[in-house]
Amino acid sequence: MKLQELSLTRRSFLAGAVAAGVALVVPLRLPAWAGQGEAAGLSQAYIRIDASGRVTFLLPTSEMGQGTHTGQAQILADELGADWSSIEVGMPNQPTSDYRIPFIGQMRSVGSFGIRFWHDPLRLAAAQAREMLTQAAAERLGVAPEALHAESGFIVHAESGRRVPFGELVAEASSLPVPEAPTLRPDGERTLSGRAVPRLDTLEKVTGRAQYGVDVEREGQLYGAVRLAPVYSAEVESIDESSVADMPGVVAVARVPRGAVVVADSWWQARQAAEALDITFTATDADELSSEAIDTMLREALERPDVPVSTLRGEAEATLASDGRVVEAEYSVPLLAHACMEPINCTAESTEERTELWIGTQGQDVVRMTLENALQVPANQFFINTTYLGGGFGRKTHGEIALQAALASRAAGGRPVKVLWAREDDVRQGQYRQTMRCRFRAVLDEAGDIAGMRIRVAGPQMGREYGIDPEQRARETGNLANFDPFSLGGLSDMHYVIPNFVVEHAVVDLPIPLCPWRSIAYSFNGFFLESFMDECAAAAGLDPLAFRRRHCEGQERMLAVLDRVAEMSRWSEPAPEGMARGLAVVESYGSYVAQVVETRADDEGFQVARVHAAIDCGRAINPGQVEAQIQGSVIDALGAALRQKVTIRDGRAEQSNFHDYPLLRIGEAPPVAVGIVEIGSPLGGVGEPGVPPLAPALANALFAATQQRIRHLPFADHA
């Protein structure tokens, strides 16, 4: 869409909005919207100011506990000059193009994009609205617009002391053209950004009024429980629906991919019937699959002679064959489940004519496409109500539960049905963080610096499941073919200055469903690389911090967080008696995080005594939320590193619930000190970058304490 056409469309949108009620409505604008407009030609992502002065904005970022809505509201209120208490955040009920992140092409809350991507569009729309309100006030007061400013929901003429509330100006302002290039406030005037203001959702969450997907109740609602194939690739071979027809409360049995949903008057009745359902599943090639067999596949893949190169710098092969001190090591990580505190659920009312969902999801467009493909649900008959998420971590990006709920509703004659997975369903039949194995070989020069490094990883190429073409991605990034960021993130794009460097990926396809896990590839590649850097430092006889700094020439952000965490942890001083420290630094999602883990080890084991973390995420819009996200990431990563793994026996997961897939307990959670570094960097993400450094920093601390290397997670396997 050309600029002129876009402007006309927006003016038409404004006129329509005013006709529907007295309000000033300014659409949010992304450059990539051009050419993507919906058939109606109207933007649906917008800021709306009504006659009472209330400011509402609709954005596509789900709130799953990361505080994104509050940060977005801070950006908006700051630029607009709104009263903080007047801000309301809403979610659209249809995932139209206005809400799609252009380079993903979908409405999804992933990649820690909530603040860093929407920051500029929000500021632009808010500045446009502010200038329109200011112009309207200038005409009313008979003064120049330059003599006015916006604050706390008023347009203020400081010289005379006159103040006009936003609400009184919306009718006049909405008749004005939208300024294409408004003047943004100087950073020094942005008083909300950079402050740890309380979250907008705190009151409703502490009073129990917040609605998560599992809380949804519809009139006449039924409940659905799943019975799914225990081996992932199996399908239903036969099913005898009459086997549960006489059980109490049973209403219907819906066949769904990989199994069935039993619908009943209560969830307990549905669960009992699902367990009793006479159902058999097809035999598959994966019936004999085991964790040992998977590990053998990964080990064998590392030995392949024809592993394609993904990234190449300098004369890697020649350097690796030259004289010098050689350091080699091999690492691995297991399958991981997401274990969201709120189990997977969705409530649906679905007929041939109309489908409406209530679901805590990170992937509204994935849900839409799932139903569109499976049930031919057209977009204009599809409505989605996004609730709060009780944890997402990547798990709630898929549409399987939505399809199950829609099919269950249709089997029940269109009545609302809430399908709720038990914890056991999620751990046994969910999707996992991939298992990977990685082998390093490095050559150190006479000074102890890394002259060359080869990294060969073996494991799935998960990006293909998300429509990523490794060859296209390679062309975009300047890497070679076979570059999958879902598998190589943190390795191919590492920031250490190593002149000769090669990354290879031996792809191993597994018959197990995979799903991005918090920080995706960085979660395991951070462990691989930062553990190996410590091994190289030890081989060179250098301090781990000094060794890293020698390989960070020109890496201002990496050096800044390293220096900050070193200062926080008093790295230059000897560790206290009985304590040891480990260090790691990882860049992910546009942010740099360095962590120092302090451990206390003895013959009985070890204890994580304290974690220091420094983050450079550009500008911390809400430092309190940044701190909370880093602390939560550390706790999440520590639990995974210490004990979590999903093992496979006879093609199925052996774990089922928190007793054998344990989360970190409150009493085990260490203090986490967070330092925020601001050196003028671009905005980065916050929800995920705190995860990757924890496991390697802990492994490095244990090496400092015991001289024993932990190269395979979880730590509990090395008791």
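**Pocket lining, a buried glutamine and aromatic pairs**

Q: Which element gives the most to the lining of the second largest pocket?
A: In this predicted model local features need pLDDT of at least 70 and side-chain atom pairs pLDDT 80 or more, while totals for chains, interfaces and linings use all residues. Residues are numbered from 1 along each chain as its sequence is written, and side-chain values use heavy atoms, without hydrogens or water. Strand S23 (591-602), strand S24 (605-616), helix H17 (623-642) and helix H18 (694-706) each supply at least two lining residues (helices, H or I, of at least four residues and strands, E, of at least two are DSSP runs numbered from the N terminus). With four residues, the element that gives the most is S24.

Q: How much space lies in the second largest pocket?
A: A pocket is an open set of points on a 1 Å grid over the protein atoms alone, where a 1.4 Å probe fits and protein lies on both sides within 12 Å along at least five of seven lines, and lining residues have an atom within 4 Å of a point. The volume is the space filled by probe spheres set on the points, which are joined across faces, edges and corners. For the second largest pocket this comes to about 550 Å³.

Q: Which residues of the lining are closest to the centre of the second largest pocket?
A: The lining divides into 12 nonpolar, six polar and four charged residues (Ala, Val, Leu, Ile, Met, Phe, Trp, Tyr, Cys and Pro count as nonpolar, Asp, Glu, Lys and Arg as charged, the others, Gly among them, as polar). Of the 22 lining residues, the closest to the centre are Gly605, Phe606, Gln607, Leu702 and Phe715.

Q: Which side chain does a polar contact join to that of glutamine 364?
A: Glutamine 364 belongs to helix H9 (residues 364-375) and is buried, with a relative accessible area of 0% (buried means under 20%, exposed over 50%, partly exposed in between, with a 1.4 Å probe and protein chains only). A polar contact is a pair of N or O atoms within 3.5 Å, in which, within protein, one must be able to donate a hydrogen and the other to accept it, and residues adjacent in sequence count only if both atoms are side-chain atoms. At 3.1 Å, the partner is threonine 386.

Q: Which aromatic cluster includes Phe524 and Phe528?
A: Rings of Phe, Tyr and Trp (its six-membered ring) pair if their centres lie within 6.5 Å, planes under 30 degrees apart counting as stacked, over 60 as edge-to-face and the rest as tilted. Being four residues apart in helix H14 (residues 520-540), phenylalanine 524 and phenylalanine 528 are separated by about one helical turn. The cluster is Tyr331, Phe440, Phe524, Phe527, Phe528 and Phe532.
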